[in-house]
Amino acid sequence: MSIPKEPEQVMKLRGGSVLGKKTILKSDHFPGCQNKRLSPQIDGAPNYRQANSLHVHGVAIPTIDGIRNVLNHVGAQIDGKQTRVLWINLREEPVVYINGRPFVLRDVERPFSNLEYTGINRDRVEQMEARLKEDILLEAARYGNKILVTDELPDGQMVDQWEPVTHDSVKTPLEVYEELQAKQYLVDYERVPVTDEKSPKEQDFDILVCLQLALYSSDFSMGALFDSERPD
C-alpha cells in the first residue's frame with residue numbers, strides 16, 4: 001500500500017497520542033507578531049521588553065536562537081555579566097521546537113484557536129510535549145524523515161510544507177533549556193501553565209509569588225523573564 005503525502009490524507013491518518021487525527025503543527029511565529037514600537041528588537045524574540053528599571057522582562061515565545069539572543073542581551077553567560085535568569089514559561093498548550101522554530105498543536109478546522117487545557121500542571125504539559133516529540137519522530141519515519149507543518153502567510157492564509165527532521169532537531173522546551181544550562185548559560189527554567197487571555201488561577205499566583213520571593217532573596221544578580229504566547 002502506498003503512503004499518502006497529500007496534507008489532508010496525512011492529517012486524517014495521524015494517530016499519535018498527542019499529534020492525533022485532524023491536528024496540525026502550526027508555526028508559533030506569524031507575520032505581524034512583532035510590535036514594531038518596542039525596543040530593543042531582538043532577533044528571534046518577538047516583543048521583548050523590560051519593565052522600566054526592574055529586573056523583570058517579557059517576551060513572546062522565542063526561537064532557540066532567540067532565547068540565546070535574549071540571554072546574551074541580559075548578560076546570562078558565564079563569561080558575561082553573570083546575571084542569573086529565572087525564565088518562566090506561561091504557555092498552557094504543548095510546544096515543540098523543530099529545527100529551532102516553535103510549533104504548537106492546533107485543530108485543522110480551527111488553526112487560529114488555542115487548544116485549552118485549563119487547570120493543567122507543569123508535569124502534565126511537559127509529558128504531553130515529550131509524547132508530541134515522539135509522535136513527530138515516528139510520523140516522520142514514515143515520510144522520509146520529514147514532518148508536515150503549517151505556516152501562516154502575511155495575508156492570513158495557511159500553507160502546509162514538509163520539514164526535514166532528525167532526532168536532534170526536535171526538542172521540547174525543557175530539553176532546550178537543559179542544553180543551554182549545559183552550555184553554561186545562567187538560566188533556571190520554570191513552567192507555570194496559564195490559559196491565554198484569562199487570569200491565572202489562585203494556585204498559579206501562589207507559584208509565581210513563591211518564585212519571585214526566591215528570586216529576590218537570592219545573593220545572585222538575578223532577573224525574571226516571562227515567556228507567553230504573545231505579550232503585547
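## Helix 2 and its buried side

In helix 2 (residues 64-74), the buried residues are Ile64, Gly66, Ile67, Val70, Leu71 and Val74, where buried means under 20% relative accessible area, exposed means over 50% and partly exposed lies in between, as found with a 1.4 Å probe on protein chains only. These residues lie on the same side of helix 2, because they cover an arc of only 160° around the axis, the arc being that of the directions from the helix axis to the C-beta atoms. An α-helix has 3.6 residues a turn, so residues three or four places apart point the same way. After helix 2 comes Gly75, whose phi is positive, near 85°.

## The model as a whole

This is a predicted model, in which local features need pLDDT of at least 70 and side-chain atom pairs count only at pLDDT 80 or more, while totals for chains, interfaces and linings use all residues. Residues are numbered from 1 along each chain as its sequence is written, and side-chain values use heavy atoms, with hydrogens and water left out.

The protein has 5 helices and 11 strands; these are DSSP runs numbered from the N terminus, with helices (H or I) of at least four residues and strands (E) of at least two. Of its 232 residues, 48% count as buried. Among contacts (heavy atoms within 4.5 Å) between residues at least 6 apart in sequence, 67% join residues at least 24 apart.

## Helix 3

Helix 3 has 21 residues and reaches 31 Å from its first C-alpha to its last, close to the 30 Å expected at 1.5 Å a residue, where the expected span is 1.5 Å times one less than the number of residues. The N-terminal end of helix 3 is capped by Asn121, with a side-chain oxygen 3.3 Å from the backbone nitrogen of Asp123, and helix 3 is followed by Gly144, whose phi is positive, near 65°. The buried residues of helix 3 include Val125, Met128, Leu132, Lys133 and Ile136.

## Strand 4 and its partner

Strand 4 (residues 84-89) is mostly covered, since 5 of its 6 residues are buried. Strand 4 pairs with strand 10 (residues 187-191) in the parallel sense over 5 bridges, and two strands are said to pair if DSSP finds at least two bridges between them. Within this pairing, Trp87 stands opposite Tyr189 in strand 10.

## Salt bridges across the chain

Side chains of opposite charge can pair when their charged atoms come close. The structure holds 14 salt bridges, each being a side-chain nitrogen of Lys or Arg within 4 Å of a carboxyl oxygen of Asp or Glu. One of them joins Glu152 and Lys26, whose closest N and O atoms are 3.3 Å apart; this pair links distant parts of the chain, with Glu152 in strand 7 (residues 146-152) and Lys26 in strand 1 (residues 23-27), 126 residues apart. Both Glu152 and Lys26 are buried.

Glu163 and Arg101 also meet in a salt bridge (3.7 Å, N to O), and because Glu163 lies in strand 8 (residues 158-164) and Arg101 in strand 6 (residues 101-107), the pair ties together parts 62 residues apart in sequence. Glu163 counts as buried at 12% relative accessibility, whereas Arg101 is partly exposed at 25%. Lys133 forms a salt bridge with Glu175, with the closest N and O atoms 3.1 Å apart; Lys133 lies in helix 3 (residues 122-142) and Glu175 in helix 4 (residues 173-182), so this pair ties together parts 42 residues apart in sequence.

How values were computed:
Polar contact = N/O pair within 3.5 Å; in protein donor to acceptor, adjacent residues only side chain to side chain.
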